[in-house]
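Me: I have a structure open and would like to learn how to read it. Could we take a few features in turn?

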Amino acid sequence: MKWRSPQPPLLRGVRGDLILLCLLTFALPSLANPHYAQNITPIIQNQKSQTDQGKLLYDAGRYSEAVQILHQAVQEYQKQGDILKQAATLGNLSLAYQQLGNWKLASVALTTSLRLQGAEPKNQNLLAQTLIIQGRLLFSTGQTNAALSTWRQAEKEFEKAGNKHGSLKARVQQAQSLQILGYYYNAVKLLKEVNAAFDSQPGSIEKLAGLRSLGDALQLVGDLKQSRIILEQSLKVARALNNNTEIGKSLLSLANHALSARKLQQAIEYYKQTVDISPSPQIKVEALLNHVSLLIQAKKYTEATSLISVIEPLLQQLPPSRTAIYARINFADRLMQIDRNMQRSYTVLATAIQIARDINDNHAYAYALSEMGELYEKTRQYPEALKLTQQALVIAQAENVDDVITYQLQWQLGRLLRTQRDIKGAIVSYNAAVETLSKLRSDLVAVNTDVQFSFKESVEPVYRQLVALLLESQTPGRPDPKVLDQARQHIEALQLAELDNFFKEACLQGKKVVLDKVVDKENPNTAILYPIILADTLQVIVKIPNQQLKLYTTKISLAEVETTVAQLRRDLIDPSAIESLKIQSQKLYTWLVKELEPNLAPNGVNTLVFIPDTVLGSIPFSALFDGKNYLVEKYAIAMNAGLQLLDPQPLQRQKLNALTAGLIEPPYPYKEFASLPGIKLELEQINQAGIKTKTLLNQQFTSKKLDNLVQDTPFNIVHLATHGQFSSRVEDTFILAADGPINVREFDNILRSRDQTQQEALQLLVLSACQTAEGDKRAALGLAGVAIKAGARSTLASLWQIEDEPTAIFVGEFYRKLKDAKLSRAFALQQAQLKLLNHPNYKAPTHWAAYVLIGNWL
């Protein structure tokens, strides 16, 4: 867990200023610090009043006190009849309420401010800044489209006022909304335009802050290369201004960028430089805490302990504020990780609790109580932990905020109730935590990079522990189908959250289709299998046509499942490892299929659709071995993402038009990829199968030409024969073209541009010669991500590269069968694989099992 300084709940993506009514600055979140408070700047710079007192309290993180002072200022200006100052102060008051999570009063303050300004406002800057604040409120409460419209209106008002900096500020905010809404291409385009505008401006604090927020924003949307360039520019400007405070901030952003790029040593060096040069105790503490986290991650506890001694005196320099509270909470968290003596952590948390009470900050108070409850949980003082957790949850819910603290408290309460053997109560609490997480999708997964960094520790366990509770509560042999349905829906929700986390976007909103109905009514020869990997069991929920859900359980550890899958993956790409392959493959067959298989044939099942969990997504289920035969010899097989998918429809056979592209020689400097001389024959096989094609080959196959062809050519199949890689990191998931890698995000944009010009759905995407990243247990995320983001009803992809001749045989047979109106896509794949399996030279699974079908199997 990284340093988390304060920011209003749900506003993790905006780190900026309050009503900057004359002096404008910019800010968006840094990787490790998504909770930054905003700063108030009064509209009249020489104004000395309660507004200034409110500003000081606000900047210090003392939001409750700031609210009181600002409210008094509003009343005073109302008595004086000073409408301009009253409206400005109401905007500031709104942001103070936002920090406290009081969205209702924040909205009332904004509405009143806008009403006072009237239909024809006298101060365009004030109106624009008020709209910026309104946009943040809308964004914070999940109204992303409305926030985008409001920020666009703010940009127009800034332009009317001739305020270029304000206009750029509004555009940076818009880019964030575009990213959350899934318009990645438009977001990046807008940010690049902002960057170009900054280039023409002289060095100043405003330009510096703008560059830094732009760099942070580019980091958020995944453009790490351009983000680093911009952040380095901000550092250069800060040094030219000889401003150590700003130098420290830019170094911190660069450190967080390096952390995001997994350049850990570089991140550490930047954190050190930040501490050396920044005069701000808060910035120093943030950098030190992040540095300590990296040392703990590397198990360098002696070095971490040394830094702990540096942090302690700095904490004493922080004035009473939410910043000081959060700093102590995070400091206590580090202590718990490296110091078995919990007394120090207890003392630090007790101080944080007292500060929260002293400044009347209920949000921070709930957070501090939550952490104290977790400490008691770790020391197995469960009654005390339960009491503190329940107390903190009551406070958090009284704030009427669904935020990170609330879900963590609900999760914590569920864990504690489970220790008390209150299974029903635990399930209720876990369900509440999952519901809160679902409301926070855009915040937690797309914007809150703190959770992005610790997804496996902070989010995934909530879902898995809930599923385990649900399944453990069932009577062996007589499970409740309703409970099984809940369990599979939760595991699918986790998979969706993983994909959100992968893309840093909460925009994967497929049309929900209940697969049970598809199986029972439209495709009664198909069984759906949901293998779920838990800590000490492998659970398989099965839907057989016209039957209720069934549950099959195997006592097996997560470690053994992962070890078996990893060994099978190695054996699959080694033609000489056939005996080891059969051993590992038979293990998985026994765990996943053996017990349920007697129910398949009597019910006419000839197709199996797997909804794979984590590492299982990286293996071909067709290669599971029952001791005599491979699964593909008995069933057509596909994989699916579950309930979040496009409506399954049979392939439109009457007119199959394919856009094909291939790259025989990889471009310089990508010489680590071998040449693929068989690609020309592979693409010819598609033509010979009777599919009409339009082809880009070798130097013609560039991202730009592919984009042009996608927009201009009618097709319902895309077949790409080139090197590619699926990874658990979106930055490392790509296909290779003549002009270099086409990242999965760019590929998504190319195919989306087609949707604007053509009505026909993309029926099939084929990615040939691709492979999953070596050593990446979660590389299947990249495979699933490409399949879903492409918008194709089905995706056929290779998990590893196979030789030219079997590839050509496979591709030709697949497309010939695909044209047969009686065969489904899954059967076309099965027949192509059997063609190779029955070939004297290609019986080993390494030749025929590489391809998997994802999505619609009909």
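Me: At roughly what angle do the axes of helix α20 and helix α24 cross?
Reply: Two packed helices are described by the angle between their axes and the distance between the axes. Bear in mind that this is a predicted model. Here the axes of α20 (residues 423-439) and α24 (residues 460-472) cross at roughly 145 degrees and come within 10 Å. The crossing of α20 and α24 is left-handed.

Me: Which residues of α20 and α24 meet?
Reply: On the α20 side they are I423, A426, I427, Y430, N431, A433, V434 and L437. On the α24 side they are V462, Y463, Q465, L466, L469 and L470. Sorted by kind, the residues of this contact are 12 nonpolar and 2 polar, with no charged ones.

Me: Now the strands. Which strands pair with β10, and in which sense, parallel or antiparallel?
Reply: In a regular strand the side chains alternate between the two faces of the sheet. As for pairing, β8 (residues 657-662) runs parallel to β10 and is joined to it by 5 bridges. Strand β13 (residues 764-772) also pairs with β10 in the parallel sense, over 8 bridges. With β11 (residues 734-737), β10 pairs in the antiparallel sense over 2 bridges.

Me: Which residues stand opposite each other in these pairs?
Reply: Among them, G662 stands opposite A721 in β10, and H719 is opposite V766 in β13. For Q725, the bridge partner in β11 is F734.

Me: Why is β10 described as largely enclosed?
Reply: A residue counts as buried when its relative accessible area is under 20%. In β10 (residues 717-726), 9 of the 10 residues are buried, so the strand is largely enclosed by the rest of the structure.

Me: Is I802 buried or exposed?
Reply: Its relative accessible area is 10%, so I802 is buried. This residue lies in the loop between β14 (794-798) and α33 (804-818).

Me: What does I802 touch?
Reply: Leaving out residues up to four places away in sequence, I802 touches T807, T846, H847, A850 and Y851. Take A850: I802 and A850 are 48 residues apart in sequence, but their C-alpha atoms are 7.4 Å apart in space.

Me: What about the chain as a whole: how many helices and strands are there?
Reply: The chain has 35 helices and 15 strands. Of its 858 residues, 63% count as buried. Among contacts with a separation of 6 or more, 70% are between residues 24 or more positions apart. The accessible surface comes to about 32,500 Å², and 49% of that belongs to carbon and sulfur atoms.

Notes. Residues numbered from 1 in each chain as written. Predicted model: local features only at pLDDT ≥ 70, side-chain atom pairs only at ≥ 80, totals over all residues. Heavy atoms only, no water. Axes fitted to C-alpha atoms, helices over the stretch in contact; angles between N-to-C directions. Helix = DSSP H or I, 4+ residues; strand = E, 2+ residues; numbered from the N terminus. Left-handed = near helix turned anticlockwise from the far one by under 90°. Contact = heavy atoms within 4.5 Å. Nonpolar A, V, L, I, M, F, W, Y, C, P; charged D, E, K, R; others polar. Buried < 20%, exposed > 50% of the residue type's maximum accessible area, 1.4 Å probe, protein only. Areas by Shrake-Rupley, 256 points an atom, 1.4 Å probe, with all protein chains shown as cover. Pairing = 2+ DSSP bridges.
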